[in-house]
Amino acid sequence: MANYIGAIDQGTTSTRCILFNSAGEIVALNQKEHKQIYPQPGWVEHDPIEIWNCTQEVIRNALQKAGGSSQNILSIGVTNQRETTIVWDKNTGLPYHNAIVWQDTRTDTICKELSSEGGQDRFREKTGLPIATYFSGPKIKWLLENIPAVKEAARRGEALFGTVDTWLIWLLTGGPGRGAFVTDVTNASRTMLMNLYTLDWDSEILKTLDIPRNLLPDIMPSSSVYGYTRGVLDSIPVAGDLGDQQAALFGQTCFQAGEVKNTYGTGCFMLMNTGEHPVQSKNGLLTTLGYKIADQPAVYCLEGSIAITGALVQWLRDNLRIIDHSSDIEPLARTVEDNGGVYFVPAFSGLFAPYWRSDARGVVVGLTRYANRGHIARAVLEATAYQTREVLDAMESDSGVKLSSLKVDGGMVSNQLLMQFQADILNVPVVRPSTAETTALGAAYAAGLAIGFWSDLEELKTKWRIDKEWLPLMDAGTREKLYANWKKAVTKTFDWIE
């Protein structure tokens with residue numbers, strides 16, 4: 001029986017377990033969705049216990065599909081929706097509150113108060129991040145201020161905070177009294193609490209936000225043995241931990257400075273490897289950690305984060321019921337030749353890069369009696385490509401590197417219409433790898449490197465293969481006219497929230 005590296009990919013809408021062989025190929029995959037909880041407008045939550053139950057279920061099912069036992073898994077890596085915030089009781093393992101999801105905007109008032117002294121970039125030099133509802137730090141502060149049990153438990157030293165990776169690794173390695181209480185540099189860099197240069201929690205920022213240090217996990221490399229599993233898996237090293245977008249960067253083998261990947265999921269996230277030194281953005285991008293392998297120097301990246309891309313297709317399906325299945329959007333969009341002058345800016349949670357406008361809300365513009373549901377569907381797909389162009393323009397300006405091609409991954413890359421339009425609006429080739437599950441693959445690569453299953457980054461690079469390439473076909477005049485109209489549409493979202 002062959003040996004595998006396992007990856008748990010805990011995303012915004014579902015949890016997956018994928019087993020990979022030594023060639024980086026998928027041997028078995030199992031996936032389970034979890035509930036999206038919306039207590040009030042702007043609030044988004046998940047049930048951490050449900051996520052843990054889903055994790056155990058997909059591990060069991062993936063093993064069953066592979067026809068093996070846990071002995072065939074040599075190590076396991078975790079990758080996760082980033083910034084989503086959980087605080088739980090270290091003695092019982094029970095959360096004090098639902099997880100506050102990265103899309104949640106309830107911390108808007110906290111962020112405004114923090115920005116009142118020093119502006120939105122008050123912590124950017126240290127953290128690479130603007131003050132925004134996106135990040136975990138303000139979410140922790142909200143829980144401490146609004147959930148009495150959290151404040152009291154933190155005072156007693158009995159509360160633990162983690163992003164989803166920390167929560168799962170703690171439970172996988174034994175939970176109360178035993179679990180490894182860790183995160184990695186990539187996830188820590190998304191809290192707004194970690195110093196980019198020391199790779200440790202910043203005491204000054206903790207004091208400003210009134211967050212006790214004992215609430216926070218130890219910050220570790222992305223590839224390292226953190227502990228050994230108990231329960232659904234037994235005595236397997238948990239040895240990889242990367243936030244989902246950094247895991248995709250790693251899985252796409254973007255190991256050289258200047259290499260870029262874009263992941264099309266619930267949101268859309270473009271990352272550029274900038275090497276061993278952080279590059280501070282002047283164009284609304286985030287400076288963040290790319291990965292850290294054992295005791296090697298950390299690798300940094302620039303990131304452009306878009307809140308709503310695939311989630312807009314789900315919204316069309318679930319809220320408007322224009323389509324029955326997410327896959328229906330491409331044939332519906334193909335019923336029309338173009339967008340009919342319709343633009344859809346999905347600022348449901350405000351705008352992320354490069355604007356960082358929490359006061360923005362979604363708009364549909366350009367509607368006439370001519371417009372039909374095909375035009376709406378096309379505008380939904382095009383919104384993802386336009387937002388990606390905005391981020392790429394900012395990235396090229398910050399880095400001074402002109403992109404020659406874009407590596408893509410995530411659920412939306414199976415949409416041929418979107419990928420062709422993306423190549424057209426960027427005017428560069430768009431390349432999809434043979435392994436579409438690059439997020440899980442990145443976590444598996446990190447876990448495999450830690451135990452010597454793969455020798456080094458050069459070996460991993462040899463495993464990357466092209467599946468499909470889309471070349472730009474649009475003329476320059478059409479491209480720039482469409483993009484100019486998009487930029488005009490974006491301005492209509494500003495200042496909606498007082």
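The model is predicted, so local features require pLDDT of at least 70 and side-chain atom pairs count only at pLDDT 80 or more, whereas totals for chains, interfaces and linings use all residues. Residues are numbered from 1 along each chain as its sequence is written, and side-chain values use heavy atoms, with hydrogens and water left out.

**Exercise 1. The seven-stranded sheet and helix α9**

Identify the edges of the open sheet of 7 strands, and locate the strands of β15, β16, β17 and β21 relative to helix α9.

Solution. 
- Step 1: the strands follow the order β17-β18-β16-β15-β21-β22-β23, with mixed pairing.
- Step 2: β17 (286-291) and β23 (466-470) are the edge strands; each has a single partner, so one side of each lacks a neighbour in the sheet.
- Step 3: the twist averages 30° from one strand to the next.
- Step 4: β21 (residues 406-409) runs parallel to β22, and 2 bridges join them. Leucine 406 is placed opposite valine 430 in β22.
- Step 5: α9 lies across β15 (260-264), β16 (268-275), β17 and β21, at about 55° to β17.

**Exercise 2. Glycine 251**

Is glycine 251 buried or exposed, and with which residues is glycine 251 in contact?

Solution. Buried means under 20% relative accessible area, exposed over 50%, and partly exposed in between (1.4 Å probe, protein chains only).
- Step 1: glycine 251 belongs to helix α9.
- Step 2: its relative accessibility is 3%, so glycine 251 counts as buried.
- Step 3: contact means heavy atoms within 4.5 Å. Apart from neighbours within four places in sequence, glycine 251 is in contact with Thr438, Leu441, Gly442, Tyr445 and Trp464.
- Step 4: the C-alpha atoms of glycine 251 and glutamate 437 are separated by 8.3 Å, although these residues are 186 apart along the chain.

**Exercise 3. The nonpolar cores**

Solution. A nonpolar core is a set of buried Ala, Val, Leu, Ile, Met, Phe, Trp, Tyr and Cys residues joined through side-chain atoms within 4.5 Å.
- Step 1: the largest core has 133 residues, and those with the most contacts inside it include Tyr134, Leu193 and Tyr264.
- Step 2: helix α12 (residues 373-399) gives the largest share, 12 residues.
- Step 3: another core, of 33 residues, lies apart from it and includes Ala62, Ile76, Trp88 and Tyr226.

**Exercise 4. The packing of α12 and α13**

Describe how α12 packs with helix α13.

Solution. 
- Step 1: the angle between α12 and α13 (residues 416-426) is about 40°, and their axes are 9 Å apart.
- Step 2: the contact includes Leu381, Ala385 and Leu392 of α12 and Leu418, Phe421 and Ile425 of α13.
- Step 3: by class, this contact has 9 nonpolar, 3 polar and 3 charged residues. Ala, Val, Leu, Ile, Met, Phe, Trp, Tyr, Cys and Pro count as nonpolar, Asp, Glu, Lys and Arg as charged, and the others, Gly among them, as polar.

**Exercise 5. Positive phi**

Where does aspartate 210 lie, and where is asparagine 427 placed?

Solution. 
- Step 1: most residues other than glycine have a negative phi.
- Step 2: aspartate 210 has a positive phi of about 60° and lies in the loop between α8 and β12 (218-220). Its relative accessibility is 58%, so aspartate 210 counts as exposed.
- Step 3: asparagine 427 has a positive phi near 60° and is in the loop between α13 and β22 (430-433). With a relative accessible area of 44%, asparagine 427 is partly exposed.

Methods. Helices (H or I, at least four residues) and strands (E, at least two) are DSSP runs, numbered from the N terminus. Axes are lines fitted to C-alpha atoms, for helices over the stretch in contact, and angles run from 0 to 180 degrees between N-to-C directions. Two strands pair if DSSP finds at least two bridges between them.
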